[in-house]
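Subject: Structure for your review

Dear colleague,

Please find the structure below for your review. A summary of the findings follows it.

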Amino acid sequence: MNKNLLLIIALSLGIVGCAQTPDEPSDHIVSSNISDHIDADSDKNGVYDPFEGFNRAMWDLNYNYLDPYIARPVSLAYVEYTPTPVRKGIMNFLSNLDEPASMVNSILSLNGKEAVTHFNRFWINTIFGLGGLIDIASAADITKPNERRFDDTLGYYGVPNGPYLMFPVYGPATVRGFTDTVDTFYPMLSFLNFWQGLSKWLIEGMEDRAALVQQESMLENSPDPYVFTRDAYIQYKDFIATYGEDKSTQKADNFDESYLDEIDGD
């Protein structure tokens, strides 16, 4: 699985923004090794899709109508007419808001190294990057890891994805994914009201959608775009949850408590 596959996954969102967005949409780091991270109730493809009829109807609505007539033109217009420095500053700011939640979920997933990275990126960009508008941390070679949600934390401990769902506008989801609302209780996301959160989702979604134009042919050439997107989405979710490794290889003792000491010391 590579970066282009992640972009194709995001294309399945139909209109905008279900994908997690770093400073640039293509900056996600995804493992190139595909292993078996499948739920106990899943079929041979590792996907539990009991509502396929409904999901396919929503896929057709998103893919054939909402995306070509709304999401694609609106996203391309936003990218074309918004000055690049303004777009970059907005994306840096929005990405910085996700760092605390990613830090907490990294700690819960016993990954102290990434927790410290998220913590350092947040305070550096907030203090020295004008509230996050400038990504000073990346300039200092503190590369942003994949964002982590509470959904990923549950997946790390073996909680299954549950049924796969496709919604109009929102796109693909799993029942486990609904637990991501837990992240909104952490600062800085907890400080956003409904409209601010919606604006964040829309802007990140337009950036993601505009980045997909060069990869559209990959999905169009698939024999069954719905199945391709569904399976790729679930595989990607499993890879993020397990850091690209088989859950049986995860060991609790790989968590270095000195990283927590570093956080406390800062």
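In which helix is D231 found? D231 is found in helix α10, which covers residues 225–241; helices here are DSSP runs of H or I with at least four residues, strands are runs of E with at least two, and both are numbered from the N terminus.

Before the details, a note on the source. This is a predicted model, in which local features need pLDDT of at least 70 and side-chain atom pairs count only at pLDDT 80 or more, while totals for chains, interfaces and linings use all residues. Residues are numbered from 1 along each chain as its sequence is written, and side-chain values use heavy atoms, with hydrogens and water left out.

The overall fold

The chain contains eleven helices and two strands, in the order α-α-α-α-α-α-α-β-β-α-α-α-α along the sequence. Of its 266 residues, 49% count as buried; buried means under 20% relative accessible area, exposed means over 50%, and partly exposed lies in between (1.4 Å probe, protein chains only).

Helix α10

D231 has a relative accessible area of 12% and is therefore buried. Its side chain makes a polar contact of 3.0 Å with the side chain of R230. A polar contact is a pair of N or O atoms within 3.5 Å; within protein, one must be able to donate a hydrogen and the other to accept it, and residues adjacent in sequence count only if both atoms are side-chain atoms. In α10, 14 of the 17 residues are buried, so the helix is largely enclosed by the rest of the structure. Just after α10, Y243 takes a positive phi of about 55°.

The strands

Strands β1 (residues 164–167) and β2 (residues 171–174) run antiparallel and are joined by four bridges; two strands pair if DSSP finds at least two bridges between them. L165 has A173 in β2 as its bridge partner. The two strands form a hairpin with three residues between them, and V169 in the turn has a positive phi of about 75°.

Salt bridges

A salt bridge is a side-chain nitrogen of Lys or Arg within 4 Å of a carboxyl oxygen of Asp or Glu, and the count comes to 18. One of them joins the side chains of R56 and D224 (2.8 Å, N to O). R56 lies in helix α2 and D224 in the loop between α9 and α10, so this pair ties together parts that are 168 residues apart in sequence. R56 is partly exposed, with a relative accessible area of 27%, and D224 is partly exposed at 27%.

R149 forms a salt bridge with D98, with the closest N and O atoms 3.2 Å apart. R149 lies in the loop between α6 and α7 and D98 in the loop between α3 and α4, so the pair ties together parts that are 51 residues apart in sequence. R149 is buried at 9%, and D98 is buried at 1%. Both residues belong to a network of salt bridges whose members also include K144 and E147.

Yours sincerely
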